[in-house]
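Here are my notes on the model, as numbered points. Please read them with the structure open.

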There are 2 protein chains.
Amino acid sequence: MKTWAKRLAAALLGMALLPAWGAVEDGYDLWLRYRGLAMVAQARVATQARSIVHAEPASPTLQAAVAELKRGVAGMTGKEAASATQSADGALLLVTPANAPKGVDLPWSELGREGYALRSLKLGGRAVTVIAANTDTGLLYGSFAWLRAAQTGADLSRLDLRAAPKLGLRLLNHWDNLDRTVERGYAGASIWDWWKLPDLRDVRYVDYARANASLGINGTVLNNVNAKADSLTAPFIAKAAALAEVLRPYGIKVWLSARFSAPKELGGLKTADPLDPAVRAWWKAKADEIYQSIPDFGGFLVKANSEGQPGPQDYGRNHVDGANMLAEALSAHGGVVMWRAFVYAPDTGDRAKQAFAEFQPLDGQFAANVIVQVKNGAIDFQPREPFHPLFGAMPKTPLALELQITKEYLGFSTHLVYLGPLFEEVLRAQPDGAPVAQHVKAIAGVANIGSDRNWSGSHFDQANWYAFGRLAWNPELASSDVAREWVQQTFTTAPRAVDSLVAMMLASREAVVDYMTPLGLHHLMGTAHHHGPAPWVDDLERADWNPVYFHRAGRDGIGFDRTPRGSNAVAQYAPDWAARLARPETTPEDWLLWFHHLPWDYPLRSGRTLWAELVARYDRGVATVADMRSQWAALKADIDPQRHADVAAYLAVQEAEARWWRDACVAYFQSVSGLPLPAGTRAPAHSLDEYKAQRFNFAPGRGG
Amino acid sequence: MKTWAKRLAAALLGMALLPAWGAVEDGYDLWLRYRGLAMVAQARVATQARSIVHAEPASPTLQAAVAELKRGVAGMTGKEAASATQSADGALLLVTPANAPKGVDLPWSELGREGYALRSLKLGGRAVTVIAANTDTGLLYGSFAWLRAAQTGADLSRLDLRAAPKLGLRLLNHWDNLDRTVERGYAGASIWDWWKLPDLRDVRYVDYARANASLGINGTVLNNVNAKADSLTAPFIAKAAALAEVLRPYGIKVWLSARFSAPKELGGLKTADPLDPAVRAWWKAKADEIYQSIPDFGGFLVKANSEGQPGPQDYGRNHVDGANMLAEALSAHGGVVMWRAFVYAPDTGDRAKQAFAEFQPLDGQFAANVIVQVKNGAIDFQPREPFHPLFGAMPKTPLALELQITKEYLGFSTHLVYLGPLFEEVLRAQPDGAPVAQHVKAIAGVANIGSDRNWSGSHFDQANWYAFGRLAWNPELASSDVAREWVQQTFTTAPRAVDSLVAMMLASREAVVDYMTPLGLHHLMGTAHHHGPAPWVDDLERADWNPVYFHRAGRDGIGFDRTPRGSNAVAQYAPDWAARLARPETTPEDWLLWFHHLPWDYPLRSGRTLWAELVARYDRGVATVADMRSQWAALKADIDPQRHADVAAYLAVQEAEARWWRDACVAYFQSVSGLPLPAGTRAPAHSLDEYKAQRFNFAPGRGG
């Protein structure tokens with residue numbers, strides 16, 4: 001009878017772990033779901049987490065680590081892991097050098113300030129797991145790593161992991177406006193409820209911190225790079241300070257985007273000239289004011305002299321003058337300036353060349369606490385771009401890699417596109433023998449986070465936040481492994497379903513390249529909102545806003561000639577690359593039309609002409625999405641009903657929009673090439689004029 | 001042992017009913033929380049809901065009723081109420097005339113199309129509860145009424161209720177823009193994710209429908225009265241149709257705000273003149289198109305010739321011409337035009353007079369399916385306004401009462417102000433012997449709903465949505481009773497705590513009047529955003545945008561003379577009222593300065609001078625908020641920690657802002673009156689100039 005009662009109790013405890021009605025899988029819990037495991041797995045995890053031994057009194061960071069472990073263990077097993085002071089069988093020990101048990105050899109020096117080691121070992125005859133780090137932040141990261149191992153089914157009795165981040169600064173960039181709109185945001189309003197801060201602290205801020213800490217993200221720029229000076233006023237500093245208080249225990253520093261002209265707008269100065277003493281004094285005082293409220297403030301992110309933003313060039317100065325002035329103001333406090341290299345101004349020839357042209361000559365002149373933040377490619381977050389020529393070209397300047405997590409150009413939050421392979425592609429690209437990951441000191445991702453219940457607008461877009469964070473921590477991770485662990489934590493651990501989901505995700509990035517901009521094409525999207533195809537647009541004020549500027553399709557062929565015969569952008573690359581990219585034969589086919597203008601009958605490796613290959617790739621993209629839909633439909637039994645229905649609806653939209661992209665682009669390029677469709681190819685569903693006539697007045701993401 | 005096991009099982013079942021971790025009381029469930037009751041209450045409810053007997057096959061509406069009952073019973077008792085075909089002891093019977101048991105006498109004719117009766121009775125010796133209605137919508141309303149009775153601790157074994165709505169149309173008006181901003185919205189972005197509709201149907205839409213159906217709200221205008229023509233395009237009609245499909249089972253019709261100039265903007269016509277045959281044909285075709293997709297479309301809400309919106313006066317026509325044209329287009333389909341009487345144009349003398357002046361002479365000329373929608377007062381949703389003079393003045397025209405649930409002028413979602421007493425005040429006002437509630441055929445509330453997790457931006461603002469709905473259903477309800485049942489469903493049923501919460505809520509409306517605009521003052525708030533005090537503003541383009549226009553304070557006194565010596569707005573009221581309002585002695589003191597300009601030493605009933613009374617009321621408002629804070633603090637043990645902390649933070653803001661209102665207004669009026677502060681009165685904390693210097697660039701709610 002006692003056994004029966006115990007079983008009943010266990011079964012009911014299992015029930016108690018199920019989400020409450022109404023709190024069904026809505027995506028809010030991200031990859032930190034900690035749902036009840038199957039019986040065997042439950043026991044396996046519970047055995048390894050019977051108690052948690054940690055220092056007392058615990059710092060807020062250590063408290064966060066312990067609370068997360070307790071929450072995770074309770075969720076997965078239904079059993080509580082109590083805090084303890086003595087280790088016993090199945091204990092989890094959180095140790096720093098100050099309280100490490102004698103006789104246990106731990107690789108402290110390899111762990112640095114943020115790293116951790118997880119190790120299963122015997123201690124006084126007791127089987128325990130040690131989570132070791134030099135700091136409480138390292139313990140927090142180690143705790144999340146242990147929970148990740150538990151959720152993904154690792155053998156917790158034989159752990160021997162160590163990890164330390166390769167890059168010191170791993171930041172999210174929020175393009176969130178102070179009115180709560182989000183530029184290029186597709187997940188509702190900003191999560192920062194500026195109006196109610198600092199008095200009201202949404203519980204969501206804590207969950208945001210937990211999610212980021214679980215990935216090792218250690219900084220967040222709260223406001224849009226297209227900044228309002230208001231973000232530097234006292235009321236907004238108080239609001240940022242309130243957020244900093246919430247994020248601090250999770251190892252996350254707060255940064256702000258700074259408007260270069262703020263000394264005029266806020267300080268009443270006549271100029272924002274970076275060499276003007278009054279301007280320098282204003283920034284110094286402003287930095288002091290900020291650090292008064294936020295002692296660990298990260299620093300400023302600056303978009304200057306780009307797309308109409310003010311900057312040092314307004315006063316005949318250069319980026320070094322501007323960045324170093326801000327760096328000086330921050331340096332006494334240990335702050336950093338992230339100065340963006342994404343610059344373009346009208347009529348400078350090839351837009352792809354401008355960042356290099358402006359920044360490369362400044363190498364070696366920036367102050368020590370300036371980091372130049374460079375987008376992955378030279379245009380603007382396209383589905384595929386060759387790596388940016390600045391990587392490897394500024395050896396004396398710390399660089400940051402800027403990636404876009406929000407899918408401005410890749411179908412918003414509606415299209416399932418896993419960006420892991422895109423991030424991996426640039427991190428592993430070798431500008432000069434070493435990968436990009438080794439050329440940068442920092443990494444920044446433009447966030448895809450909003451107030452939608454599922455944070456990112458769609459369930460699969462959570463994977464892009466996750467992949468950014470994981471690859472920021474360790475750029476050597478394979479994006480396929482990252483996809484796998486995300487799936488296991490987010491959807492299911494059933495092996496067949498995991499395989500299928502990972503396959504879908506990995507196929508998805510190439511699919512979007514194919515159905516939007518194959519073979520190195522770029523910037524073909526609709527004006528301003530960037531939704532849908534508009535390769536025909538040729539009437540915008542500035543030449544380099546028009547898709548026709550980028551594809552240069554005509555009767556004679558298609559593509560942007562960036563060889564020495566054209567804009568000679570290839571010369572911005574290291575000599576090996578420059579030589580390789582100067583000839584179509586040696587240019588990676590996926591980048592072909594980025595660098596070359598080629599005739600429609602140019603023969604490709606497939607044996608097809610360029611025209612036939614172009615159409616074939618568009619078709620392949622659509623077919624891949626159709627295939628993703630079928631795969632998803634087949635997974636119905638493996639996924640909870642709500643998320644299955646949500647994703648199915650998104651995939652239906654994606655397939656329709658992939659066809660639209662394909663049809664509109666094929667119709668347009670055919671009208672230009674004058675060539676018949678390759679044999680056996682489906683004609684576009686509508687006339688070119690019909691595609692041209694479409695308008696999207698309320699597309700999201702255009703900001704305030 | 002068996003007993004022990006049973007007890008364990010029961011205890012664990014109890015646990016299973018607790019909300020999952022992370023899904024703690026965040027306010028999402030509104031008043032439909034159905035949390036586990038205490039043991040005795042659980043048994044009492046379970047005994048009365050052992051099974052649910054209903055017709056098969058059930059309509060979607062009946063399915064919704066049954067699902068809600070099951071959800072509620074499972075939540076409150078942990079026991080499932082299964083569907084059954086035969087009644088047994090403890091059955092809930094959902095019956096219409098088609099399946100009513102023989103021999104039970106039910107008041108069918110009194111129930112109408114939407115009403116219901118709940119009755120405990122014996123049927124063949126079995127104790128059952130009958131939920132009776134003529135339609136499935138009535139059964140749904142009856143089911144919610146039963147659940148409300150269960151949640152508020154009514155004796156479910158002796159039910160004998162009947163209810164039918166007094167007003168046929170009970171609508172929410174969403175001032176939601178197509179870009180997902182919300183004009184005067186203080187709860188985040190619009191819940192309508194237009195961009196993803198019609199493909200994606202947020203689960204939240206169903207919960208929105210449930211909440212409204214629980215109150216009997218039977219229509220919703222989806223978009224802002226400051227309308228874009230785009231809302232009438234085919235893509236947006238498809239989006240509205242998707243929402244209509246979700247809402248239809250819950251008895252809720254979809255309506256749209258229509259832009260009067262749409263025939264020009266969408267139809268390419270040269271005019272929107274309502275007498276132009278092409279314009280009439282365009283609207284006719286547009287109505288037909290809408291009804292093709294939404295067969296039960298409610299109709300159009302129109303803001304015309306007001307605040308810059310286009311309208312019939314642009315073509316020398318009047319409101320009748322405009323409204324009747326639209327009415328004609330809708331009439332074949334049973335649609336209705338809600339034509340707003342909120343009009344004001346520059347330089348027409350007393351702004352309070354304009355709606356009456358334009359509309360009253362048109363009485364009797366509107367088509368049968370036009371309803372003129374009149375705000376509760378003649379200015380604009382101030383903390384207190386005298387009832388609108390149009391009520392009772394257009395006996396041949398169906399009127400709707402427009403109330404504002406969102407607190408544009410009452411502290412946004414940050415201040416705790418229960419609007420039940422405000423709604424009650426206007427519903428019970430007697431323009432000519434009968435209350436306003438009897439002068440209207442419809443009621444509309446400007447929604448306070450957004451995508452914030454708690455729907456309304458703060459927990460207590462949910463009460464205003466609730467109170468609107470309950471009073472719309474039955475304008476004779478006491479707002480205190482409505483507060484009580486809301487508290488019982490939303491927070492706690494503990495009697496002492498309920499009493500305290502109800503007292504707070506009832507005090508809150510008078511408090512906001514006191515600390516913002518006592519004694520009939522109005523329109524003293526900050527420009528455009530309407531946040532905070534700004535009685536000094538006198539430089540806005542239009543006279544009637546300036547607070548000084550409304551309070552007219554000077555050395556000689558304060559108040560707007562609307563007697564025959566002044567603007568004579570009092571003449572718009574019925575003779576008894578006109579006579580009463582023409583003299584300060586017979587004017588309700590709470591409206592005094594709305595109608596009269598009086599010297600600072602005018603004696604009031606309190607024995608104080610006007611100046612002393614004004615300051616005393618400001619002080620009383622602040623004191624009441626301080627008292628609300630103490631009351632709330634004392635309730636800590638009765639409220640879940642998250643909501644207690646949230647509300648405590650809001651109340652701290654409210655007290656600070658109440659002081660700010662009081663101090664800024666007292667400082668300003670003192671600067672005008674030149675009088676010393678009454679003895680013993682605290683001086684304002686800051687100088688008048690400091691109050692004047694404040695700016696709020698990113699105040700929410702200004703829309704797109």
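Two strands are taken to pair if DSSP finds at least two bridges between them. Helices (H or I, at least four residues) and strands (E, at least two) are DSSP runs, numbered from the N terminus.

This is a predicted model, in which local features need pLDDT of at least 70 and side-chain atom pairs count only at pLDDT 80 or more, while totals for chains, interfaces and linings use all residues. Side-chain values use heavy atoms, with hydrogens and water left out; residues are numbered from 1 along each chain as its sequence is written, and chains are lettered from A and ligands numbered from 1 in the order in which they are written.

1. In chain B, strand β4 (residues 116–123) runs antiparallel to β6(B), and 4 bridges join the two. Within this pair, B:Tyr116 lies opposite B:Ala163 of β6(B).

2. The pair belongs to an open sheet of 6 strands in chain B, with the order β2-β1-β3-β5-β4-β6 and mixed pairing. The edges are β2 (82–84) and β6 (160–163) of chain B; each has a single partner strand, so one side of each has no neighbour in the sheet. From one strand to the next the twist averages 25 degrees. Axes here are lines fitted to C-alpha atoms, for helices over the stretch in contact, and angles run from 0 to 180 degrees between N-to-C directions.

3. In chain A, the axes of helices α5 (residues 136–151) and α6 (residues 203–215) come within 8 Å and cross at roughly 85 degrees. The two helices are therefore roughly perpendicular (65 to 115 degrees). Contact (heavy atoms within 4.5 Å) involves A:Leu140, A:Tyr141, A:Phe144 and A:Arg148 of α5(A), and A:Arg210, A:Ala213 and A:Ser214 of α6(A).

Conventions. Angles under 35 degrees count as roughly parallel, over 145 as roughly antiparallel, 65 to 115 as roughly perpendicular and the rest as oblique.
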